Amino acid sequence: MNTSNETTSTCCYCGTGCGVRIVHSDARVVDVKGDTRHPANFGRLCTKGSTLHLSTRIEGRALYPELRTDRHATRMRTDWESALEHCAERMRDILRRHGPNSVAFYVSGQLLTEDYYVFNKLAKGLIGTNNIDSNSRLCMSSAVAGYKATLGADAPPCAYEDIDHTDLLLIAGANPAYAHPVLFRRIEEAKAARPDLRLIVVDPRRTYTAQLADLHLAIAPGTDIVLYGAMLNRLIWEGRVDRAYIDRHTEGFDALREQLRELTPGAAARICGVDEAQIVQAAHWFGDARAALSMWCQGLNQSAHGTHNNAALIHLHLATGQIGRPGAGPFSLTGQPNAMGGRETGAMANLLPGHRDLAKASDRAEVARAWGVPAIPDTPGLSAVELFDAVGAGRIKALWIACTNPAQSLPDEARVRAALANCEFVIVQDAFATTETAAYADVLLPAATWGEKEGTVTNSERRISRVRAAIAPPGEARADWDIVCAFAHRLGATMGWEHAIRMFPYTRPEQIFAEHAELTHGRDLDFSGLSYAVLDRDGAQQWPYPAGATHGSTRLYTDGRYPTDSGRARFIELDMRLAAEPIDARYPLALTTVRLRDQWHGMSRTGRIARLWNHAEAPCLDMHPADLARRGLAENELIRVESRRGAMVLPVRANADLRAGLCCLPMHWGGNHLGGLGINRLTLPATDPYSFQPELKHCAVRVERAKLPWRYLALRTEVEVDTAQAQALLRMAALARGLSGIDHVSLTLAGRDHPVVVLALAHRFEPPSEHIDRWDRMLGLLPGHGLYFEDPRRHIAKRALIESGLLVGVRLAGETAAGSWLRAAMIERVPAERLRRWLFAPVASAPTDAPTRGRIICNCHDVSERDITSILASGANLAQLQAELRCGTACGSCLPELRRFASTASLAA
């Protein structure tokens with residue numbers, strides 16, 4: 001009889017840092033539950049976290065080392081010894097020919113702290129290059145630079161419990177209802193418990209977060225800095241600032257006051273596109289609050305002036321003394337599970353461990369002594385965009401990419417892919433062999449992932465949590481830190497560096513953490529008092545936690561002293577430039593990238609889980625209805641969206657929650673789902689001059705109708721659950737490599753326990769028949785099997801496959817009207833006999849007894865939009881809806897949407 005065990009760990013998605021209990025049996029993860037003892041979530045999980053166990057299948061995993069010696073050859077399986085020896089020899093040759101700055105590392109906020117630390121030590125300590133940067137550069141570096149410029153250190157001063165104490169919460173450029181759902185539950189509860197809690201949301205979209213707001217400022221994209229400057233202008237001239245706090249604890253205020261003298265709410269209203277009265281009201285609420293808390297994310301950070309966006313918001317806190325006490329402070333929300341850990345270890349091009357600064361000679365000397373090397377190089381490293389530009393220019397000869405997918409996530413994707421294709425030697429270290437970046441690897445090193453590895457992560461509120469292994473990694477996959485140490489030993493041997501083994505003596509991640517913690521001693525983040533033993537005994541802890549402490553520090557700067565040379569926080573002069581690429585007559589629309597509720601980053605993990613596709617079924621562009629009407633476009637029509645860097649074809653959807661002139665596209669869709677390049681073919685590589693973070697949140701585009709007469713739709717599933725899940729992943733991976741050159745591609749999953757692969761194509765003309773035959777083979781729709789219909793004169797060809805009385809495969813080429821209801825019938829597993837007579841009929845309306853449930857709103861209980869609207873139409877309220885269907889009673893991620901449905905039904909009644 002199988003018995004299950006539980007292992008406590010931490011979720012691997014966003015920076016909320018939720019505690020989880022991994023349920024495992026017979027070397028398999030079978031379930032995930034929230035850890036009720038973890039202070040980040042108290043047992044709650046969102047749709048992504050609660051389905052983590054469904055991501056652990058081995059299909060698509062990197063299981064064995066692979067290498068190729070010819071760039072045009074296919075990688076072949078090899079053993080670890082051969083792979084690491086090959087890497088060491090290639091690296092040695094490049095180092096001897098071109099020097100240490102010809103080598104670079106690009107790592108990830110999804111690595112554990114221990115992994116980060118050894119990568120940084122390998123680059124800066126052993127090899128002697130500062131060319132190591134993280135994908136955190138794309139999401140958090142402006143918050144880092146903003147904190148350092150104003151408060152003196154990269155240290156969010158707040159805690160989640162401040163939500164329970166604030167009476168004014170300002171959320172800027174963030175949609176926690178989707179991006180940080182567990183944290184948003186806490187915000188909802190605080191507002192319900194204290195109706196006097198005021199919520200201001202600053203966002204060009206009326207998101208589900210904004211719908212909870214007492215005041216929504218739908219500013220024009222890129223004008224945040226003007227808004228916060230105007231709010232401070234009003235506070236200053238009405239005497240609502242805390243002059244005593246300013247005089248005792250800050251510097252630079254008078255110069256900033258002069259800069260903002262003419263930036264009145266009226267002037268800002270014309271720039272931001274909102275009413276002057278709204279700006280005044282926001283300023284009054286902030287200035288009059290007993291405790292004001294702000295939260296922000298990518299809307300402020302992913303900007304060519306992201307550092308000063310952050311600084312302008314932090315200025316409001318400093319000017320009003322709203323920092324260092326319960327319910328008050330500027331709180332940056334972290335996008336990745338361990339972006340904070342990477343910042344702590346200094347694993348970015350301009351940082352060193354323990355919040356040390358690479359530019360300071362004394363900091364470099366301290367780290368060099370600790371690592372036992374003569375010096376840390378003083379030449380600045382290349383940040384992410386610069387790094388890939390250098391790869392493209394041929395200055396970087398060897399590139400090691402770990403646990404991240406730059407061929408999907410970096411702006412101006414075509415340029416990034418060209419750089420990877422031309423790089424002399426590329427190592428990719430990843431748990432998944434199917435990422436867009438893996439295709440460029442000369443060596444693929446299989447890494448352990450969540451549920452298989454040990455270490456620590458730090459969340460948004462500075463809380464360090466343990467990550468624990470529940471099962472062994474599959475195949476020959478190894479922990480990231482272990483791979484790095486093994487490589488360091490081999491590189492040391494081939495280079496004649498005897499100190500390499502001494503520098504990397506680790507046999508357990510606990511040893512790495514202890515060394516890292518010691519390097520924080522005496523620093524602003526000092527957690528030299530923490531160890532695995534303390535974390536195992538007392539649970540997750542916030543830093544600072546110095547030696548001798550018995551608990552962590554909930555808030556920072558409670559005494560008004562800051563880690564600057566003067567001990568004072570700083571007001572800085574602001575760069576008031578707006579978007580790096582303004583709209584114009586040729587590109588008249590602003591495009592912003594957004595997050596979906598049930599997907600995460602590049603979808604290498606969430607994209608493996610069919611039910612997480614059901615809330616947003618396929619890639620599409622959202623536009624305001626007026627912008628659609630102006631162009632004569634209809635809902636769901638295929639459109640071509642084009643920027644100065646590239647173009648793509650997508651369906652369009654009307655969304656009245658957008659500002660007119662703004663369109664939005666989820667950032668998750670990469671080439672694996674779009675048949676070549678992803679959405680970042682459109683985005684802009686312009687970067688902030690201080691943080692070097694790219695402006696992924698804004699670019700100028702134009703939209704027009706796409707005239708693609710040839711259409712194709714294929715649907716494929718299996719009878720048995722396990723076979724359906726395995727084959728879905730294998731078919732998705734195969735198809736992703738075989739769809740280039742088609743004008744419109746949408747490769748997705750649908751369904752729940754029995755995934756359905758959904759492949760939708762559109763093109764200017766009918767592709768050659770051998771292409772269609774190849775896709776059929778990939779889908780398991782073989783000639784001579786099943787039903788078929790052909791009309792060569794009209795270029796229509798259809799197939800259907802029935803097994804065990806179920807429709808398990810359909811391919812419609814040349815005419816696809818029935819695609820929607822056939823998809824629904826396969827998801828609901830309707831007996832084939834009820835469908836047979838309709839299979840090849842060109843009818844868009846479903847037969848009377850075929851299901852058409854529509855979009856799934858509650859993934860936990862599989863509740864559809866049609867289910868919800870039907871109950872509400874009968875006169876039910878929200879509580880009755882939940883009692884009847886159980887929607888919103890598990891993770892709660894769907895609650896904001898349920899409230900909107902209930903409100904709409906109530907108004908209609």
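Where is Pro544 found? Pro544 lies in the loop that runs between strand S21 (541-542) and strand S22 (569-570). The structure under discussion is a predicted model.

- The number of disulfides in the model is zero, a disulfide being a pair of cysteine sulfur atoms within 2.5 Å.
- For Cys158, the closest cysteine sulfur belongs to Cys297 and lies 15 Å away, which is too far for a bond.
- Cys663 likewise takes part in no disulfide, the nearest cysteine sulfur being that of Cys664 at 7.5 Å.
- Cys158 is buried, because its relative accessible area is 0% and buried means under 20%.
- Cys663 also counts as buried, since its relative accessibility is 0%.

- Asp753 is placed in the loop that links strand S30 (744-750) and strand S31 (756-763).
- With a relative accessibility of 37%, Asp753 counts as partly exposed, because that class falls between the limits of 20% and 50%.
- When residues up to four places away in sequence are left aside, Asp753 touches Arg611, Val721 and Gln725.
- With one of these residues, Arg611, the side chain of Asp753 forms a polar contact of 3.0 Å.
- Asp753 and His615 stand 138 residues apart along the chain, and their C-alpha atoms are separated by 15 Å.

**The cis peptide bond at Pro544**

- The peptide bond joining Trp543 and Pro544 is cis, with omega at about 5°.

**Residues with positive phi**

- Phe692, a residue other than glycine, has a positive phi, near 60°.
- Phe692 is situated in the loop between helix H24 (671-674) and strand S28 (699-705).
- The relative accessible area of Phe692 is 30%, so this residue is partly exposed.
- Arg886 is another residue other than glycine with a positive phi, in this case near 70°.
- The loop that holds Arg886 lies between helix H29 (878-885) and helix H30 (895-908).

How values were computed. Residues are numbered from 1 along each chain as its sequence is written. This is a predicted model: local features need pLDDT of at least 70, side-chain atom pairs count only at pLDDT 80 or more; totals for chains, interfaces and linings use all residues. Side-chain values use heavy atoms; hydrogens and water are left out. Buried means under 20% relative accessible area, exposed over 50%, partly exposed in between (1.4 Å probe, protein chains only). Helices (H or I, at least four residues) and strands (E, at least two) are DSSP runs, numbered from the N terminus. Contact means heavy atoms within 4.5 Å. A polar contact is a pair of N or O atoms within 3.5 Å; within protein, one must be able to donate a hydrogen and the other to accept it, and residues adjacent in sequence count only if both atoms are side-chain atoms.
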